[in-house]
Amino acid sequence: MNWTLEVVVVPVSDVDRAKEFYAGRVGFAVDHDTDLGDVGRVVQLTPPGSGCSIVLGRGVVPEMPPGSLRGLQLVVPDLEKARAELVERGVEVSDIQVVGRNPRPMPHPLDNVGFVFFRDPDGNKWSVQQISARG
């Protein structure tokens, strides 16, 4: 049995502001933006190359306090390039941090242990990890 994670709901206070952040700044693709009238609205976005999307919305997604999501993690093959891209797009992102000791520092010393961190406008926390073998 294969189990795939397809969607993570991200709690936000303003769907339009969050959509602009994730699509316009972080670079996620907008899969759909569906207005369900009085029922609500759902916006689905996917990081480039990912099989898992995020969903923003009102009325039809679980109620969670905006900004309460922690531990979302993206993986990239080149952390320095990814960080530079986020900075260029206006995302406030941490400096590169090494977390732990790399058990296999080849082919790149940041593999597995290199991270940067950012928050969306509501305070939902993301990390970005380097694993060059995923590139």
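**View 1. Val-39 sits in the loop between strand 2 (29-35) and strand 3 (41-46).** This is a predicted model, where local features need pLDDT of at least 70 and side-chain atom pairs count only at pLDDT 80 or more, while totals for chains, interfaces and linings use all residues. Residues are numbered from 1 along each chain as its sequence is written, and side-chain values use heavy atoms, with hydrogens and water left out. Helices (H or I, at least four residues) and strands (E, at least two) are DSSP runs, numbered from the N terminus. Val-39 is exposed, at a relative accessible area of 51%; exposed means over 50%, buried under 20%, and partly exposed in between (1.4 Å probe, protein chains only). Areas here come from the Shrake-Rupley method with a 1.4 Å probe, and for residues only the protein chains shown count as cover.

View 2. Is Val-128 buried or exposed? Val-128 is buried, because its relative accessible area is 3%. Skip its neighbours within four places in sequence, and Val-128 is in contact (heavy atoms within 4.5 Å) with Leu-74, Val-76, Leu-79, Gly-114, Phe-115, Val-116 and Phe-118. Take Leu-79: 49 residues separate it from Val-128 along the chain, yet their C-alpha atoms are 7.5 Å apart.

**View 3. Asp-16, Lys-19, Asp-33 and Arg-41 are linked in a network of salt bridges.** A salt bridge puts a side-chain nitrogen of Lys or Arg within 4 Å of a carboxyl oxygen of Asp or Glu. Asp-16 pairs with Arg-41 in one of these, with the closest N and O atoms 2.9 Å apart. That pair links distant parts of the chain, since Asp-16 is in helix 1 (residues 15-26) and Arg-41 in strand 3, 25 residues apart. Arg-41 counts as buried, at 13% relative accessibility. Next comes the salt bridge between Asp-33 and Lys-19, whose closest N and O atoms are 2.8 Å apart. Asp-33 belongs to strand 2 and Lys-19 to helix 1, so this pair ties together parts 14 residues apart in sequence. Both count as partly exposed: Asp-33 at 32% relative accessibility, Lys-19 at 23%.

**View 4. Asp-95 and Arg-83 form a salt bridge, with the closest N and O atoms 3.2 Å apart.** Asp-95 lies in the loop between helix 2 (79-88) and strand 6 (97-98), and Arg-83 in helix 2, so the pair ties together parts that are 12 residues apart in sequence. Asp-95 counts as exposed, at 55% relative accessibility. The structure holds six salt bridges.

**View 5. Stepping back, the protein chain has two helices and eight strands.** Follow the sequence and the pattern goes β-α-β-β-β-β-α-β-β-β. The C-alpha trace spans about 55 × 40 × 25 Å along its principal axes. Of the chain's 135 residues, 40% count as buried. Among contacts between residues at least 6 apart in sequence, 53% join residues at least 24 apart. The chain exposes about 8,000 Å², with carbon and sulfur atoms supplying 52% of it.
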